[in-house]
Structure formats: C-alpha cells, structure tokens
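Here's a quick look at a protein model, taken one topic at a time. Have the structure open while you read.

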Amino acid sequence: MEVVREVRPEETAEVMEDCLAEFGFDVTGDGSGNGFAAEYPSEQRQAFNDASYICTARYPLLPVFYQPYNEEALNRLYDYFVGESTTCLRERGLLPGEPPTRARFVENYRSTGTLWTPADDLEASTGFEDCLNIPSDLILPADR
C-alpha cells in the first residue's frame, strides 16, 4: 500500500474523515484534531476496520511520533500535565488526582510505556478530553 503522506497528530481526524468517506463511512471529528467517531451498522464492522487500516496505512504519523519520549520531552510533558492540563480540568469543576513526582512520572513511562495524566483518577466522561490533548510542540524537539 502506498503512503500518500505522513501526518501530524492534529491532522489525523480530518485526514481520516476524508479517507473513510471514500469507503462510504460518515466520520465526525471529536474537536481535538486527532480523534474521531463513526456510526455504522454492526454488520459493517469488518468493512470499517478494513477501511480504517487502509487509511492509517495511507496517512501514517510522522516517524518522530513513534519514537519514545526523551528526557527533555518527558519533562515538558510533566510540566504540561501538572500545569495547563490540571488547570483546565479544575476549571471544568473536576478534581484531578495528586500528580506523581517528576522522577516517578519518568520512571513509570520508562517501565510501562504509559504516561500519567491528571485525568487518570477521574471517571470516564465527556467534556474534558480537550484538557488532555498534548500539543505537538511539547512532544517534538523545538527544532522540528
């Protein structure tokens, strides 16, 4: 399968909406730029999964987004989560959990490959996803 072009996370929803429309699926972005939702009959699940696979292969993320976070990026992400992201949740009346120490945040990522977020202790609901959208400039080195 030929790659049409590599994309940034914030382009994902729009690209997937357009690509999946070629296969007859109506997709709606969630407003974050990188998430989307689709409704279809259950008997079309396999067709949707196949179309999603093809679209993801045509429009993969830039390779830098597949690399593990380095120390600089982890520090920037930690600052974002305990600062801007936590503030955003509190402004919505939500009480995020106590953050780990910076060292524990880094250690957890290195051992599990997952990032702590201030929403980890919150019940799943809608309305706070935009508080967790990591700006791509926090992930990538400043020179990219």
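C88 and C131 are joined by a disulfide, with 2.0 Å between their sulfur atoms. This link ties together distant parts of the chain: C88 sits in helix α3 (residues 71-91), while C131 is in the loop between α4 (102-112) and α5 (136-139), 43 residues apart. The torsion about the S-S bond of C88 and C131 comes out at about -65°, so this disulfide is left-handed. As for solvent, both C88 and C131 are buried. Keep in mind that the model is predicted, so local features are taken up only where pLDDT is at least 70, and side-chain atom pairs only at pLDDT 80 or more.

How many disulfides does the structure hold? There are two. The other bond is between C19 and C55, whose sulfur atoms lie 2.1 Å apart. Here too, distant parts of the chain are linked, with C19 in helix α1 and C55 in helix α2, 36 residues apart. The C19 and C55 link is left-handed, with -90° about the S-S bond.

Are C19 and C55 buried or exposed? With under 20% as the cut-off for buried, C19 qualifies because its relative accessibility is 1%. C55 is buried as well, at a relative accessible area of 0%. If you number the bonded cysteines in sequence order, the pairing reads 1-2, 3-4.

Side by side, the two bonds look like this:

| Disulfide | S-S distance | Torsion about S-S |
|---|---|---|
| C19 and C55 | 2.1 Å | -90° |
| C88 and C131 | 2.0 Å | about -65° |

Now for the helix that carries C55. Helix α2 covers residues 45-58, and at 1.5 Å a residue its 14 residues should span 20 Å; the end C-alpha atoms are 20 Å apart, so the two agree.

Which residues of α2 are buried? They are F48, A51, S52 and C55. Because these residues cover an arc of only 105° around the axis, they fall on the same side of α2. The general rule behind such a pattern is that an α-helix has 3.6 residues a turn, so residues three or four places apart point the same way.

What does that buried side pack against? The buried residues of α2 pack against α1 (12-22) and β2 (36-38). On the face of α2 turned away from its buried side, you'll find the exposed residues Q46 and Y53.

How values were computed: Residues numbered from 1 in each chain as written. Heavy atoms only, no water. Helix = DSSP H or I, 4+ residues; strand = E, 2+ residues; numbered from the N terminus. Expected span 1.5 Å × (residues − 1). Buried < 20%, exposed > 50% of the residue type's maximum accessible area, 1.4 Å probe, protein only. Arc of directions from axis to C-beta. Contact = heavy atoms within 4.5 Å. Disulfide = S-S within 2.5 Å.
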